[in-house]
Amino acid sequence: MRIAGFLSVVLLTVAGLGAELGQTVASGQSATPNPSPVLLELFTSEGCSTCPPADKLLTELDQNQLIKGVEVIALSEHVDYWNRLGWKDPFSSAQFSQRQNDYSRALNLEEVYTPQMVVDGRTAFVGSKRAIALDAIAKATRVPKAIVSVAVAASARSSVTLTVQVASVPDISRGDKAEVMLAVAESGLVSKVSRGENSGRELGHSAVTRKLTKIGTVDGKGFSSEAVVHLESIWKRQNVKIAVFVQERASRRVLGAAAVRLTAES
């Protein structure tokens, strides 16, 4: 009887452990976290001879997603102050030069330069520094983020309608406001530069920001809206992604982000 009782206890214990392990595996499968989004901006120019390595790094980070559990949402923003020496960057805009200046003031930087990367609006560094970029991206995931979602609700030949939602927004800095920004970016772009510091070079670009607009402001309840994005005929739809991010206007801190890639049909 004692042996039988002992065996019964062993069998019950093994069965219980098996059940617990099964629950743990099932729980682990169902609770797999979504990748943590991190906004990576590169201020660059085709007129800058030190920018191509940074452009390549941005492409690598955008296409290969090197850090497990992280979604790098990359945006390449071409400034216009390099439009001299006979070459005008076709993707450049004064808007991006101003945006870079806004970061410089908010982050108390001594100078504005290219190439420059900015991670989540909080950290800036030389855009070709791979190790620094990876470290900054990894650190950005430790900060609480808003839940941002963006999806294609309807599609037409020259436009898409998006549903955008923002929830669980972290505390906004005192006296600041959080804006919802929408960026349209295109990859697979190539330029043959005929003048300037990169004369004679063929330059490839990823995630080139074609359009950057404010679509709303976050209130205490978050944000929910539809946004219609008009697509230019020269853009290749299958190479386009649309990013939505929440950013404090004064501090420039990015509080959350999400992105959706279009297809030839969507």
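This is a predicted model: local features need pLDDT of at least 70, side-chain atom pairs count only at pLDDT 80 or more; totals for chains, interfaces and linings use all residues.

Modeller: Happy to! Residues are numbered from 1 along each chain as its sequence is written, and side-chain values rest on heavy atoms, without hydrogens or water.

Glycine 121 belongs to the loop between strand 3 and strand 4 (helices are DSSP runs of H or I with at least four residues, strands are runs of E with at least two, and both are numbered from the N terminus). Its C-alpha is 9.8 Å from that of valine 38, although 83 residues separate glycine 121 and valine 38 in sequence.

Aspartate 120 forms a salt bridge with lysine 145, with 2.8 Å between the closest N and O atoms (the rule asks for a side-chain nitrogen of Lys or Arg within 4 Å of a carboxyl oxygen of Asp or Glu). This pair links distant parts of the chain, 25 residues apart: aspartate 120 is in the loop between strand 3 (116-119) and strand 4 (123-126), lysine 145 in the one between helix 4 (130-140) and strand 5 (147-155). Both partners are buried.

That bridge is one of twelve salt bridges counted by this rule. Within helix 4, aspartate 135 and lysine 139 are four residues apart, about one turn of the helix, and they pair with their closest N and O atoms 3.2 Å apart. Aspartate 135 has 38% relative accessibility, so it counts as partly exposed; lysine 139, at 43%, is therefore partly exposed as well.

Helix 3 holds another pair, arginine 105 and aspartate 102, three residues apart. Their salt bridge has its closest N and O atoms at 2.5 Å. Arginine 105 counts as exposed because its relative accessibility is 54%, whereas aspartate 102, at 23%, is partly exposed. Elsewhere, a network of salt bridges links Glu41, Glu77 and Arg99.

The ring centres of phenylalanine 43 and tyrosine 103 are 6.0 Å apart with planes at 70 degrees, so the pair is edge-to-face (centres of Phe, Tyr or Trp rings, the six-membered one for Trp, lie within 6.5 Å; planes under 30 degrees apart are stacked, over 60 edge-to-face and the rest tilted). Because phenylalanine 43 lies in strand 1 (residues 36-44) and tyrosine 103 in helix 3 (residues 94-106), the pair ties together parts 60 residues apart in sequence. Phenylalanine 43 and tyrosine 103 are both buried. Tyrosine 103 has a further neighbour: the charged end of arginine 252 sits over its ring, 5.7 Å from the centre (the cut-offs are NZ of Lys or CZ of Arg within 6 Å of the ring centre and within 35 degrees of the ring normal).

How values were computed:
Buried means under 20% relative accessible area, exposed over 50%, partly exposed in between (1.4 Å probe, protein chains only).
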